[in-house]
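Please look over the sequence and model shown here.

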Amino acid sequence: MNKVQHYINGQFLDSSCGDFFDNINPMNGQLLSKVALGREDEVNAAVAAAKAALTGEWGQMKLNDRIAMMYEIAEEIDRRFDDFLEAECLDTGKPYSIARHIDIPRGAANFKVFADTMKAVADEAYRMDTPDGKIAMNYSMRKPKGVIGVISPWNLPLLLMTWKVGPAMACGNTVVVKPSQVTPTTTSLLGEVMSKVGVPAGAYNVVQGKGSITGNLLTAHKDVDALTFTGETKTGEMIMKACSNGVRDVSLELGGKNPAIVFADCDMDKAIRETTRSCFANSGQVCLGTERVYVQREIFDEFVSKLKESALKLKLGIHNDESVDMGPVVSEAHRDKVLEFYDIAKKEGANVILGGGAPKMEGDLANGFFVEPTIWTGLPEDATVVKQEVFGPCCHIAPFDSEEEVIKMANDTDYGLASTIFTENLDKAHRVASQIDSGIVWINSWFLRDLRTPFGGMKGSGIGREGGHHSLEFYTELKNVCIKM
């Protein structure tokens with residue numbers, strides 16, 4: 001049986017208490033590995049190692065050497081591509097066809113991009129006149145913030161973890177990572193990469209465990225200087241409260257109930273193709289995914305019919321079948337949550353255009369955590385599945401008549417992470433995009449990401465921005481030095 005350990009101060013360790021918990025394969029419900037359960041001893045040891053590394057070999061490393069090491073980490077991930085691919089897909093159930101092109105390449109790219117960002121960052125300098133007739137120079141300096149606690153999610157485990165670890169380490173910080181309990185493996189595997197390329201002990205640490213135990217201990221630790229978290233909004237609120245003790249910085253990328261707006265003048269084929277992706281990719285477990293689709297009335301019936309036709313072509317199956325489009329959802333608990341939403345939609349009067357339950361799978365997959373791609377129409381805007389984030393492969397489609405009406409509908413949510421707009425009218429695209437309350441707006445596309453651009457949400461979707469130099473605002477402290485000549 002495989003064992004997933006902590007990685008603390010450059011070593012792989014079991015918990016001092018000897019406790020483990022089960023990591024279940026979502027494709028068949030069978031035991032995949034035993035995972036060390038971190039408690040106070042492990043969290044304290046990891047934070048102490050990270051704190052010591054700030055003044056040790058890692059903290060004394062020159063910028064150019066640190067940047068070079070970021071590239072070595074990325075290159076080693078690429079060399080071990082197949083190991084990361086298999087580990088990521090076994091933990092999550094997602095097919096190779098997704099992880100091969102998104103998760104693993106982005107996991108490596110996150111180190112390169114932020115290494116390049118550190119090379120290119122410029123400091124400010126200002127000359128000023130002093131009251132006594134002399135001059136002074138002001139210049140800015142950035143220093144690492146310190147020990148960064150990273151609590152990463154299960155939907156894109158490697159990608160979203162390195163999206164935080166990459167900039168944190170490029171800036172000279174040390175990190176203590178608590179991955180999701182249901183997707184622990186690639187975070188631990190990255191520890192092997194760190195050791196292989198010679199990252200000094202303590203710069204990168206992993207404490208495996210459960211959010212209610214390990215996550216709470218890490219969040220509350222007085223020597224953690226800042227916390228960055230991706231996950232559901234309620235958990236983010238709890239972390240934000242914990243960070244108020246000690247006035248520690250927090251970066252939160254939280255939930256979403258993202259709208260797609262499809263105007264009658266859209267390119268229909270493009271709108272169907274991209275909306276199929278945004279609703280059903282990764283079994284709907286994408287924070288940027290679409291769960292609310294608004295379609296102009298004159299093309300409503302055509303759009304619903306064609307989206308159904310497109311979704312019917314999606315193939316569900318095992319991860320290593322290159323023809324598979326969708327795997328299971330990540331866990332039994334999450335499958336049950338999604339299916340509960342499916343039942344609520346039916347009870348509230350939804351027209352079930354497609355799906356609405358669990359598919360019948362064959363062989364070992366019969367015990368996997370699969371759910372059907374699902375499309376609803378006919379619900380009011382205050383219906384449960386229109387208001388609450390399902391985080392499954394589903395969407396509700398509603399008609400609209402005017403531009404003003406659909407902007408109001410799209411913004412009528414507690415969230416504000418992402419949105420998509422489909423129109424061939426450029427003026428309309430710009431006009432509507434400027435009025436949508438979301439941190440990201442895609443026009444005639446979805447999930448196109450330039451890693452230099454700001455990433456983050458409005459309202460209940462989080463605080464702060466990540467990406468390019470925007471990440472530096474969180475992972476560094478900016479100070480001004482004034483010299484009188």
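## Basis

This is a predicted model: local features need pLDDT of at least 70, side-chain atom pairs count only at pLDDT 80 or more, and totals for chains, interfaces and linings use all residues. Residues are numbered from 1 along each chain as its sequence is written, and side-chain values use heavy atoms, with hydrogens and water left out.

## Annotated domain

An unreviewed UniProt entry places the feature "domain: Aldehyde dehydrogenase" at residues 19-481. UniProt positions follow the numbering used here, feature names are shortened, and annotations may be inferred rather than shown by experiment. The end C-alpha atoms of residues 19-481 lie 50 Å apart. The span is 41% helix and 20% strand. Helices (H or I, at least four residues) and strands (E, at least two) are DSSP runs, numbered from the N terminus.

Buried means under 20% relative accessible area, exposed over 50%, and partly exposed in between (1.4 Å probe, protein chains only). In a regular strand the side chains alternate between the two faces of the sheet. Val147, Gly149 and Ile151 point one way from E8, and Ile148 and Val150 point the other way.

Which strands pair with E8? Strand E9 (residues 174-178) pairs with E8 in the parallel sense over 5 bridges. Val150 stands opposite Val177 in E9. Strand E11 (residues 226-230) also pairs with E8 in the parallel sense, over 4 bridges. Here Ile148 stands opposite Ala226. Two strands pair if DSSP finds at least two bridges between them.

E8, helix H6 (residues 157-170) and E9 make a right-handed β-α-β unit. Right-handed means that, with the strands pointing away from the viewer, the path from the first strand over the helix to the second runs clockwise.

## The seven-strand sheet

An open sheet of 7 strands runs in the order E15-E16-E17-E14-E13-E18-E19, with mixed pairing. Strands E15 (351-354) and E19 (440-443) stand at the edges, each with a single partner strand, so one side of each is left without a neighbour in the sheet. The twist averages 25° from one strand to the next.

E16 (residues 374-377) and E17 (residues 394-400) pair in the parallel sense over 4 bridges. Ile375 has Cys395 in E17 as its bridge partner.

## Helices on the sheet

Helix H11 (residues 300-312) packs on the sheet, touching E13, E14, E15, E16 and E17. Contact means heavy atoms within 4.5 Å. The direction of H11 makes about 165° with that of E17. Axes are lines fitted to C-alpha atoms, for helices over the stretch in contact, and angles run from 0 to 180 degrees between N-to-C directions.

Helix H14 (residues 403-411) lies across E13, E14 and E17. H14 runs at about 170° to E14.
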